[in-house]
Amino acid sequence: MAGALLALLALLWGSQLLKAFDYFSPWSRQQQLYKLDVSWPKIPEYFTGQTFCVAVDSLHGLVYVAQRGDNIPKVLVFSEEGYFLYSWNNTVEMPHGIFVLNTATDSSVWITDIGTGKYGHTVKQYSPSGKLMQILGTPGNAGSSLNPLQFDQPAEIFVEETGEIYVVDGDGGMNNRLLKLSKDYKEIWLRGPNGTGIGQFKIPHSVTVDSFGRVWVADRDNKRIQVFDKVTGEWLGSWSSCFEEGGPCSVRFTANDKYLIVAQLNINQLSILAAPPVGSIGNCVVVNTIQLADETKPHLVDVDMKSGAIYVAEIGAQQVQKYVPLN
C-alpha cells in the first residue's frame, strides 16, 4: 500500500514538473504553424527561369518575383490570390534580391543585380510598372569604393520608410560587407570585411530590420546570423547553434516581430525561430521547421505583413511557393 502511494505521488510530482517545463519552455514541442497553399500561383508555367527572389507589396496585394534566364521576362507580378498580372524586363540582368517599399506618396521596387554586363553590380529602383528610377553603383563595373559608390555582386537590400538603406554586398564577390546609406545614398556606417570574427562576413546574403532598431544579417558561409544596432552599427550578438547543418540564406520577420523566418538552401528547409525581445539577443530557438523536397533550394523569402503568408523563391524547383499560417 505504501509503495503504491509513493508511486502515485511520484507520478503527480512528475506531471507538475512537466507542466512547469512546458510553461517556461513554450517552444519545447514543435507545432505546425504553416501549410502550403497549393493554389498559388494559378498558372505555375509563368515561371520560365530560375526564381531567385520574391517581394510582397502588402499594401496593394501584389507579389513580385525576379527570375534569371535568356529571353524571358525578369520580373513577374502576381496578385496575392495567385493570378498573373504583368511582367517587365527593363535593364535587369541577373537579379539576386528584391524589395518593395511603400511610402505615404508612392511605391517602388528595389532590385540587386549581380550581372557582369552593362547593368550589373548595381542596386536599382523601379516603379511598380518597371520604369527605372534610380541606379546605385557603377553599372558594369565591380568595386569597393564608397565615393563613387560601388558594389560587387550585391546580394540584397532593405529600405526603411525614412529612405535609409541597408545593403549586403558580397554574393561571392570581392566585398563582404554590410553598408548603411542615408536617403541621399551617402555612407552612414559600414561593417565587414571578409572573415570569421565579430562584424566580419563570409557571403552576407540577406538583411532585414526589426521594429526594435536591430539589423539582422544572414552570414551564410559563416553559418550564423549577426545582429547590429541600426543607428550606430554596434554589434549586438549572433546566432549560430541553429545553423550547424546549413547556413542561413534569407531572413525576414513576421508581423509584430513574433517569428524570424530563415531559409536554409543547402538542407532545403525553412526554420521558424522565436524572435527575441527588445534588449536581448540570447540564443536562437527553433519553433518550427518546414522541410522542402530535395533539390528545392530555397533562396530568398518574403512575408506578407497583412495575411502572414510566407513566399519562398526556390532556385532548384524554379518556382515560388506560398505558405499560409494555420491560425
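**Close-up views of a predicted model**

**View 1. The protein chain as a whole.** Contacts between residues 24 or more positions apart make up 46% of those with a separation of 6 or more in the protein chain. The model is predicted. The protein chain holds 1 helix and 24 strands. Its radius of gyration is 21 Å, close to the 20 Å that the globule rule gives for 327 residues, so the chain is as compact as a globular protein of that length. Along the principal axes, the C-alpha atoms fill a box of roughly 85 × 45 × 40 Å. Of the 327 residues, 54% count as buried. The accessible surface is about 14700 Å², and carbon and sulfur atoms account for 53% of this area.

**View 2. The largest nonpolar core.** This core has 25 residues, and Trp110, Leu178 and Val215 touch the most other members. Among the elements that give two or more residues to this core are strand S6 (95–102), strand S12 (177–181) and strand S15 (214–219). Another core, of 19 residues, lies apart from it and includes Tyr64, Val75, Ile111 and Leu300.

**View 3. The surroundings of Trp110.** Leaving out residues up to four places away in sequence, Trp110 touches residues including Ile98, Phe99, Val123, Leu136, Ile157 and Tyr185.

**View 4. An open sheet of 4 strands.** The strands run in the order S18-S19-S20-S21, with antiparallel pairing. Strand S18 (250–253) and strand S21 (286–291) are the edge strands, and each pairs on one side only. From one strand to the next, the twist averages 20 degrees. S18 pairs with strand S19 (residues 259–264) over 4 bridges, in the antiparallel sense. Phenylalanine 253 has leucine 260 in S19 as its bridge partner.

Terms used. Residues numbered from 1 in each chain as written. Predicted model: local features only at pLDDT ≥ 70, side-chain atom pairs only at ≥ 80, totals over all residues. Heavy atoms only, no water. Core = buried A, V, L, I, M, F, W, Y, C linked by side-chain atoms within 4.5 Å. Buried < 20%, exposed > 50% of the residue type's maximum accessible area, 1.4 Å probe, protein only. Contact = heavy atoms within 4.5 Å. Pairing = 2+ DSSP bridges. Axes fitted to C-alpha atoms, helices over the stretch in contact; angles between N-to-C directions. Rg over C-alpha atoms; globule rule 2.2 N^0.38 Å. Areas by Shrake-Rupley, 256 points an atom, 1.4 Å probe, with all protein chains shown as cover.
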